[in-house]
Amino acid sequence: MSTGTGTGTGSEGYRRKLIEVALPLEEINKQSAREKSIRHGHPSTLHLWWARRPLAACRAVLFAQLVDDPSSRPEEFPTEEDQALERKRLFNIIERLVNWDNINDKALYAEAKAEILKSCDGNPPPILDPFAGGGSIPLEAQRLGLEAHASDLNPVPVLINKALIEIPPKWAGQPPVFPGAARAKLGEWPSTAGLVEDVRHYGQWMRDKAEKSIGHQYPKAKLEDGTEVNVVAWIWARTVRCPNPACHLEAPLVNSFTLSRKRSAAVHVLPIIERDGISFTIERTTTPSTSATVSRSGAVCLSCRGVIPLPYVRAEGKAGRLGKVLISVVAEGKRSRIYLPPSRAHEEAAIISAPLEPIDADLPVAALGFRVQGYGLTNQADLYTARQMLLLTTLADLVREAVQKCIADGASSEYAQDLGKYLALLVGRVANRNSSQSFWNPTGDKIEQVFARNALPMIWVYAEANPFSNSTGNVLGQLGYLAEALERLPANGSSLVQQRDATEIKSDHRLVIATDPPYYDNVPYADLSDFFYIWHRRALKGFMPGLYGTVATPKSQELIAEPARAGSWAEAAQFFEQGLRKFFEASVKVQDPRAPLTLFYAFKQSETDETGTASTGWETMLQALVDAGFMVISTWPIRTEKEGGLRDIGRNALASSIVLACRPRQEKSISIDRRGFIVALRKELPDALRRMRQGSVAPVDLAQASIGPGIAIFSRYDCVTESDGSKMSVRSSLILINQILAEVLSEQEGDFDSDTRFCIKWFETYGFDIGTYGSAETLSKAMNTSVDGLGRSGVLSSHANKVQLLSPKELPDGYDPQADDRISVWEVVMHLAKRLDDKGIEAAGQLMAAAKLRVDLDTAKELSYLLFSICERRNWTKTALLFNALGSSWREIESASRSAVPATSAQGMLDLTPEED
């Protein structure tokens, strides 16, 4: 069994918990990654929230946070063998808990709760998440049978958490109230079944009543044979008048003319230039005939081909002169979408008056991730077409009618209002697919949500959904997602959800804190969530005036580093650090000493200056943690995010969250000087990095993950003093940690064979570019190898006084490590990277099965991490991505290699794609 191990040891006065010693990281990571592909029934589909933690990871952390490690019970487990056996039993519970297939296994959760009760003397403390956000942590606390407390300053996550953990237990087992519902005895409506039926019924009633009222605004499409079919979406492009006086036509701003990328039937919009304008038709070709007309560098007029500078487009937008043009209509077919050219009738159907009482809430003048204001979109109302505004105001107003109808049907006022909260969340879901910020996804032939990422960029081509169709973006589809999520909630135990500033935690009794605090400037939650808040408020302010008393969400107290609010980056950083310090100081006062506080943290951004490299997000969080009197006991890299692409390398995006288990620093803590701290880092960091690789932390995350064990060393001391006697700052400690990490990675070169050491040194200087033979010859002698021998081995080319390492894509197919008479770790890693990139996990596993008979795979894995580190330092992004993929997938490749049959040299490698295998 592969496990990770914590970086610290326990202290007197408390029993060490499992999370402070060991975790089955491999299975936790596997199930956390798997969970990202689960949609139907997953609680995240109740309503969008940003940067949610996987339920599997939260469940595992909470269990391990409360359950004793066997080493803390020597009276029961006196020997290391006894402790290892008991730990294995506890790991087995965690491994079953994190498996989504067991999400409704009541016997398993009863078993888990019994373990928690045993470790908490029959009285487990309540769990508090003061930054509750999407509710993953409090929901999993409730699923484990614990008392769950959730709070957030923002009304949107407060509503989401109420819908997840507070409302369902109140009505568990109750039958539905709508007329005609099947009548049954109380016990025959398990869990949320009755509530779900009412949500479906009254949501359907809202949809049907809205269709009767405004359905005529969404006409059908007429096919060539005269048949009428439902429209799925109308595809619109924003336009600007061409500044060329000789042209002056409305120029469509189109970032892509592709409608469908299906190999067998790719579809594109084809613009036709006419004397008095531009019309559009449909073409079915492999690639579109027309290139995009707008990008980050500017725009071009389709008619005169004149350049349209972006400053001009922005100025026209601010003057209210950006227009729109219909470029395609997508209709429902029997087995696929039907793509049609636009028609005047459909353009005219969208020309309607705005509702009498539209929403009115200003967008921030400036905010992290917001770009639309620069083009004249300055109010929430600007994010919708008139038809979309009519739809959403109609639905939001119908929520209030549905609540009254529910009461008239026999429900209590409290039940009907709780029902209304789910219907308000439905309106939010519909808005996320019905905005001029929603766009068409030509790969999936569907409408994408507004918040495909944590930002509000300018969308040039948007998709307007037909809310009354049976396809993407329709009301009933959004209702279905919401209801399925509600159907699978635990709905048990007691819980409390409050709107509260996290820096003002107060409690009459001790709590255990598990939370996912904001990441410096990563997500502007309040500014983004106004998009939903305005609709929730319109629907609910009548019976939730306390939560919806303001026009927009609270901003001034929000704990993020937002220079637009604070006045400067320095003031924003100071505000963030002071707020976190207040939070940690308040946490110390309420934290139950029986268990550690746990934090998920996934911030990556770093800056480099003359003193070294550090991370502002980590620095501010850790400085606040240390100043408040906490020490880090253990750290765990838990894979919580989807694998990133090229754009994520070097950005503030992590595939792993670092989970920290923290305790208040003991009064007997000692001080240490800078030299002693460096000695401790050099002694402990290599083992910590090895454990991280065993936990499958991605190469792209390794530098950030190393902060955990490094800061655990730093925070265990009452003070680390500099050479001049001053107190070392967290920033200085992070710089030292990064320096020691680089040393450790470099020292690993001694584990490699001579050919590999030559290739590493050459790669550090030249990458896969050309160098001189003289330089290569000098280096080869230093490494006890030869250029000619390296050339014969197939890792480099040498001719005409030029030497060049072969990149993975330049290597030949069909490589057989068993037949290689001069094999090196470098050569195996290059071929593994090639095989993974070309043909996937199974094919790479087959190669590894043969290679493990010739080279040490642990050393090969180390090389993949080292190569990523070199690429990242040199900003070789594409190559970095290749080695990050290899390191991240190592566990999966190893697993595939165990079931693969290695080819012999006589057979040759079976060169199969995953589909052929």
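The sulfur of Cys242 lies 3.7 Å from the closest cysteine sulfur, that of Cys304, which is too far for a bond. In this predicted model the number of disulfides is 0, a disulfide being a pair of cysteine sulfur atoms within 2.5 Å. Local features are given where pLDDT is at least 70 and side-chain atom pairs where it is 80 or more, while totals for chains, interfaces and linings use all residues. Residues are numbered from 1 along each chain as its sequence is written, and side-chain values use heavy atoms, with hydrogens and water left out.

**Cysteines**

- Cys242 is buried, at 1% relative accessibility; buried means under 20% relative accessible area, exposed over 50%, and partly exposed in between (1.4 Å probe, protein chains only).
- For Cys719, the closest cysteine sulfur is in Cys662, at 19 Å, again too far for a bond.
- Cys719 is also buried, with a relative accessible area of 16%.

**The sheet E9-E10-E11**

- An open sheet is formed by 3 strands in the order E9-E10-E11, with antiparallel pairing. Strands (E, at least two residues) and helices (H or I, at least four) are DSSP runs numbered from the N terminus, and two strands pair if DSSP finds at least two bridges between them.
- Strand E9 (258-260) and strand E11 (277-283) are the edges; each has a single partner strand, so one side of each has no neighbour in the sheet.
- On average, neighbouring strands of this sheet are turned by 30° against each other, direction ignored. Axes are lines fitted to C-alpha atoms, for helices over the stretch in contact, and angles run from 0 to 180 degrees between N-to-C directions.
- Strand E10 (residues 267-274) is joined to E11 by 7 bridges, and the two run antiparallel.
- Opposite Pro271 stands Phe280 in E11.
- Strands of a sheet pair through backbone hydrogen bonds, in either a parallel or an antiparallel way.

**Enclosed elements**

- Strand E19 (residues 461-465) is largely enclosed by the rest of the structure, because 5 of its 5 residues are buried.
- In a regular strand, side chains alternate between the two faces of the sheet.
- Both faces of E19 are covered, with Val461, Ala463 and Ala465 buried on one side and Tyr462 and Glu464 buried on the other.
- E19 pairs with strand E7 (residues 231-241) in the antiparallel sense over 5 bridges, and Tyr462 in E19 is the bridge partner of Trp236.
- Helix H19 (residues 707-715) is mostly covered, as 9 of its 9 residues are buried; among them are Ile707, Pro709, Ile711 and Phe714.

**Cavities**

- The structure holds 5 cavities of 30 Å³ or more. On a 1 Å grid over the protein atoms alone, a cavity is a set of points where a 1.4 Å probe fits but cannot get out, and lining residues have an atom within 4 Å of a point.
- The largest cavity has a volume of about 390 Å³, a volume being the space filled by probe spheres set on the points.
- Its lining has 31 residues, of which Phe131, Gly133, Asp152, Pro518 and Tyr525 lie nearest the centre.
- Helix H5 (136-143) and helix H13 (525-540) each supply at least two residues of this lining.
- The lining of the largest cavity divides into 16 nonpolar, 7 polar and 8 charged residues. Ala, Val, Leu, Ile, Met, Phe, Trp, Tyr, Cys and Pro count as nonpolar, Asp, Glu, Lys and Arg as charged, and the others, Gly among them, as polar.

**Ser899**

- Ser899 lies in helix H28 (residues 890-899) and is exposed, at 59% relative accessibility.
- Ser899 and Ala849 are 50 residues apart in sequence, and their C-alpha atoms are 8.6 Å apart in space.

How values were computed
On a 1 Å grid over the protein atoms alone, a cavity is a set of points where a 1.4 Å probe fits but cannot get out, and a pocket is an open set with protein on both sides within 12 Å along at least five of seven lines; lining residues have an atom within 4 Å of a point.
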